[in-house]
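Biologist: Please show me the model. I would like to ask how some of the terms are applied to it.

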Amino acid sequence: MNLGNTPREHRVGSIAHLLPTPGERESFYRIKGLTPREIEVAEEIILKSSVTNKEIAQNLEMSEQTVKNHLGKIFEKAHVERREEIKQAILDEMRVDDTLE
């Protein structure tokens, strides 16, 4: 899955937010075994700040319950408890991989 060329530094207003690069996200998703639909949900969360389950459902043309199911699986596979932790989990995983090389 090609995630594009989103830069690591993403500016919102005057605040710079650190985003995992597309390559880092792809590696993380592969390592954690996310399905293509789980990846789509994760991308909505990572790239769009404060997106609701309802908005994700509309954007991806699925029910809100399906979004909740995918989120539960993502949280389980990524070992996180909240959507806000996904970005940091990816960055942490890539940092660990860098120190192992």
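Biologist: How much space lies in the largest pocket?

Modeller: About 170 Å³ of space lies in the largest pocket, where a volume is the space filled by probe spheres set on grid points joined across faces, edges and corners. This is a predicted model: local features need pLDDT of at least 70, side-chain atom pairs count only at pLDDT 80 or more, and totals for chains, interfaces and linings use all residues. Residues are numbered from 1 along each chain as its sequence is written, and side-chain values use heavy atoms, with hydrogens and water left out.

Biologist: Which elements does the chain have?

Modeller: There are 5 helices and 2 strands, and from the N terminus on they run β-β-α-α-α-α-α. Helices (H or I, at least four residues) and strands (E, at least two) are DSSP runs, numbered from the N terminus.

Biologist: Why is K32 called buried?

Modeller: Buried means under 20% relative accessible area, exposed over 50%, and partly exposed in between, with a 1.4 Å probe and protein chains only. K32 has a relative accessible area of 19%, so K32 is buried. K32 is in helix α1 and, not counting residues up to four places away in sequence, touches K77, A78, H79 and E93; contact means heavy atoms within 4.5 Å.

Biologist: How do you know that the span of α2 agrees with its 12 residues?

Modeller: The expected span is 1.5 Å times one less than the number of residues. For α2 that should be 16 Å, and its end C-alpha atoms are 16 Å apart, so the two agree. The buried residues of α2 include I39, V41 and I45.

Biologist: What makes a set of residues a nonpolar core?

Modeller: The set holds buried Ala, Val, Leu, Ile, Met, Phe, Trp, Tyr and Cys residues joined through side-chain atoms within 4.5 Å. The largest such core here has 24 residues, and those with the most contacts inside it are Y29, V41 and I86. Helices α1, α2, α3, α4 and α5 each supply at least two residues of this core.

Definitions and conventions. 1 Å grid on protein atoms, 1.4 Å probe; cavity = no way out; pocket = protein on both sides within 12 Å on 5 of 7 lines; lining within 4 Å.
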